[in-house]
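Please consider the sequence and the structure shown below.

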Amino acid sequence: SPAVDIFETYDEIVVQVEVPGLLREDIELNLDNNVLTLKGNRKLDKESADENYHRIERSYGSFSRSFSIPTMIKEDDIKADYKDGVLSIALPKTERARPKEIKIRSE
């Protein structure tokens, strides 16, 4: 399964997934009941499969990863970009989910 980094900024939760060698069309991404699911299939080139490999360390075949996402995101504003083998998914927070500074009054 691909390596994943998940981090949070003030405005959003970001999921970054390493999926080098895949085309955008080979990746399926969906959100259902606050669970983000990533599916894909990494295929071994047919031409390469006929060669006499000495070692194959990269994994091939179908994969699926799922992550629970906080309920306070703007589902309609989710963005996903794929560049240089990294899929970046930006899950924007609602206003309620953002941290609020509380002013302390002195008397």
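The radius of gyration is taken here over C-alpha atoms, and the rule for a globule is 2.2 Å times the number of residues to the power 0.38. By that rule a compact globule of 107 residues would have a radius of gyration near 13 Å, whereas the protein chain has 19 Å. The C-alpha trace of the protein chain spans about 80 × 25 × 20 Å along its principal axes.

This is a predicted model, in which local features need pLDDT of at least 70 and side-chain atom pairs count only at pLDDT 80 or more, while totals for chains, interfaces and linings use all residues. Residues are numbered from 1 along each chain as its sequence is written, and side-chain values use heavy atoms, with hydrogens and water left out.

Helices (H or I, at least four residues) and strands (E, at least two) are DSSP runs, numbered from the N terminus. The protein chain contains 1 helix and 7 strands, and along the sequence these follow the pattern β-β-β-β-α-β-β-β. A residue is called buried under 20% relative accessible area, exposed over 50%, and partly exposed in between (1.4 Å probe, protein chains only). In the protein chain, 24% of the 107 residues count as buried. With a contact defined as heavy atoms within 4.5 Å, consider the contacts between residues at least 6 apart in sequence: 52% of them join residues at least 24 apart.

The strands can now be placed in sheets. Two strands pair if DSSP finds at least two bridges between them.

Aspartate 81 stands opposite serine 88 in S7, and lysine 79 stands opposite alanine 90 in S7. S6 and S7 form a hairpin with 2 residues between them, and aspartate 84 in the turn has a positive phi of about 55°. Strand S2 (residues 12–18) also pairs with S7 in the antiparallel sense, over 7 bridges; here isoleucine 13 stands opposite leucine 91. Because 5 of the 7 residues of S7 are buried, this strand is largely enclosed by the rest of the structure.

A second open sheet has 3 strands in the order S3-S4-S5, again with antiparallel pairing. Its edge strands are strand S3 (27–32) and strand S5 (61–68), each of which pairs on one side only. Strand S4 (residues 35–42) pairs with S5 over 8 bridges, and the bridge partner of threonine 37 in S5 is serine 66.

Where does lysine 93 lie? Lysine 93 belongs to the segment after S7. Lysine 93 is buried, with a relative accessible area of 3%. A polar contact is a pair of N or O atoms within 3.5 Å; within protein, one must be able to donate a hydrogen and the other to accept it, and residues adjacent in sequence count only if both atoms are side-chain atoms. Such a contact, of 2.6 Å, joins the side chains of lysine 93 and glutamate 8.
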